[in-house]
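My entries follow in the order I made them.

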Amino acid sequence: MKVIVVGATGTIGKAVVRAIESRHVVVPVSRSGVKHRVDLADADSIKRLFLEIGPVDGVISAAASARFGPLVSLTDEDFRFSLTGKLMGQVNLLRLGLDYVADRGCFTLTSGVLGRSSVPGSAAVSLANAGVEGFVRAAALEMPRGIRINVVSPGWRTETLESRGMDPGPGTPAAVVARAYVQSLEGKDNGTVIQSTIV
Ligand SMILES: NC(=O)c1ccc[n+]([C@@H]2O[C@H](COP(=O)([O-])OP(=O)(O)OC[C@H]3O[C@@H](n4cnc5c(N)ncnc54)[C@H](OP(=O)(O)O)[C@@H]3O)[C@@H](O)[C@H]2O)c1
């Protein structure tokens, strides 16, 4: 299968590429991509990406982020950033990419553990992640031509906890998170929130 991986230079994206590149043709993209670039926050760049690449069998998004901080300190810009990239960016990836995906192809988006298990400071992140999951569950009911859509909800990555000076014990290594994307791409799930910590 030919598979676009948005966020292929990130920690999870790199692990996803490693997990699938021996069986599939991977097209790596990000804002600073060498051959193809996309900014999920810019719908025109998503349109250009699909025009450049043409038909594909799979689209994986392991990209974009949302802002973390005390609720009273989060600004309009923090919410705009979180919703434009992580939420609407991934929604638009499906809306603008649907016609380019082959029959029985697959979209895999990314949310995160804070979408279902909030902590102080996670209001914008939880909003974006829960939004992505709600969108995927609903969109799956209307996918044409046997196309599937799932969302991977990574727990805290071991590498992220380490980089923040936190106990990496409860974390999940990126290579384990990547298995959830493989399950979505190669399995039969549709409309599933795949929690990477239990794969
Ligand atoms: N790390 C965790 O513990 C954790 C936990 C739960 C959920 N997640 C989610 O998992 C996803 C990947 O996380 P990660 O830790 O692998 O992130 P990362 O290491 O920071 O990598 C992010 C990747 O996305 C690309 N990217 C960022 N913004 C983009 C945009 N607007 N449009 C297109 N590409 C963009 C980056 O490349 P460029 O800079 O070149 O664009 C990079 O390739 C994110 O959605 C994150 O919220 C992570």
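**Entry: α2 and α3**

The model is predicted, and I read every value below as computed from it. Helix α2 covers residues 43–53 and helix α3 covers residues 76–97. I noted an angle of about 40 degrees between them, with the axes 10 Å apart. That angle makes α2 oblique to α3.

I then listed the residues on each side. From α2 come A43, I46, K47 and F50, and they meet G89, N92, L93, L96 and G97 of α3. Sorted by class, this contact has five nonpolar, three polar and one charged residue.

**Entry: α3 and α4**

Which residues of α3 and α4 make the contact between these two helices? I took the geometry before the list. The axes of α3 and α4 come within 9 Å and cross at roughly 15 degrees. Angles under 35 degrees count as roughly parallel, and α3 and α4 are therefore roughly parallel to each other. The crossing of α3 past α4 is right-handed.

On the α3 side I wrote down F79, S82, L83, K86, L87, Q90, V91 and L94. On the α4 side I wrote down A124, L127, A128, N129, G131, V132, F135 and A139. I counted the classes of this contact as eleven nonpolar, four polar and one charged.

**Entry: α1 and α6**

Helix α6 spans residues 174–186, and α1 spans 11–20. I found α1 and α6 packed at an angle of about 60 degrees, with their axes 8 Å apart. The two helices are therefore oblique to each other. Their crossing is right-handed.

In α1 the contact uses T11, I12, A15, V16, A19 and I20. These meet A174, A175, V177, A178, Y181, V182 and L185 in α6.

**Entry: the largest pocket**

I turned to the pockets next. The largest pocket has a volume of about 1,000 Å³. It is lined by 38 residues, and those closest to its centre are A63, A64, S65, A66 and K86. I had already listed K86 on the α3 side of the contact with α4.

Which helix gives the largest share of the lining of the largest pocket? I found that α3 does, with five residues. At least two lining residues come from each of α1, α3 and α4 (123–139). By class, I recorded 16 nonpolar, 16 polar and six charged residues in this lining.

**Entry: the second largest pocket**

The second largest pocket holds about 160 Å³ of space. I listed its lining as K2, A8, T9, V27, P28, V29, S30, S32, G33, V34, K35 and H36. Strand β2, residues 25–30, gives the largest share of this lining, four residues. The classes here are five nonpolar, five polar and two charged.

**Entry: notes to keep**

I keep two points for later. For the pockets, I keep α3 as the source of the largest share of the lining of the largest pocket, and β2 as the source of the largest share for the second largest pocket.

Note on methods: Residues are numbered from 1 along each chain as its sequence is written. This is a predicted model: local features need pLDDT of at least 70, side-chain atom pairs count only at pLDDT 80 or more; totals for chains, interfaces and linings use all residues. Side-chain values use heavy atoms; hydrogens and water are left out. Axes are lines fitted to C-alpha atoms, for helices over the stretch in contact, and angles run from 0 to 180 degrees between N-to-C directions. Angles under 35 degrees count as roughly parallel, over 145 as roughly antiparallel, 65 to 115 as roughly perpendicular and the rest as oblique. Contact means heavy atoms within 4.5 Å. Ala, Val, Leu, Ile, Met, Phe, Trp, Tyr, Cys and Pro count as nonpolar, Asp, Glu, Lys and Arg as charged, and the others, Gly among them, as polar. On a 1 Å grid over the protein atoms alone, a cavity is a set of points where a 1.4 Å probe fits but cannot get out, and a pocket is an open set with protein on both sides within 12 Å along at least five of seven lines; lining residues have an atom within 4 Å of a point. Grid points are joined across faces, edges and corners, and a volume is the space filled by probe spheres set on the points. A crossing is left-handed if the near helix is turned anticlockwise from the far one by less than a right angle, and right-handed if clockwise.
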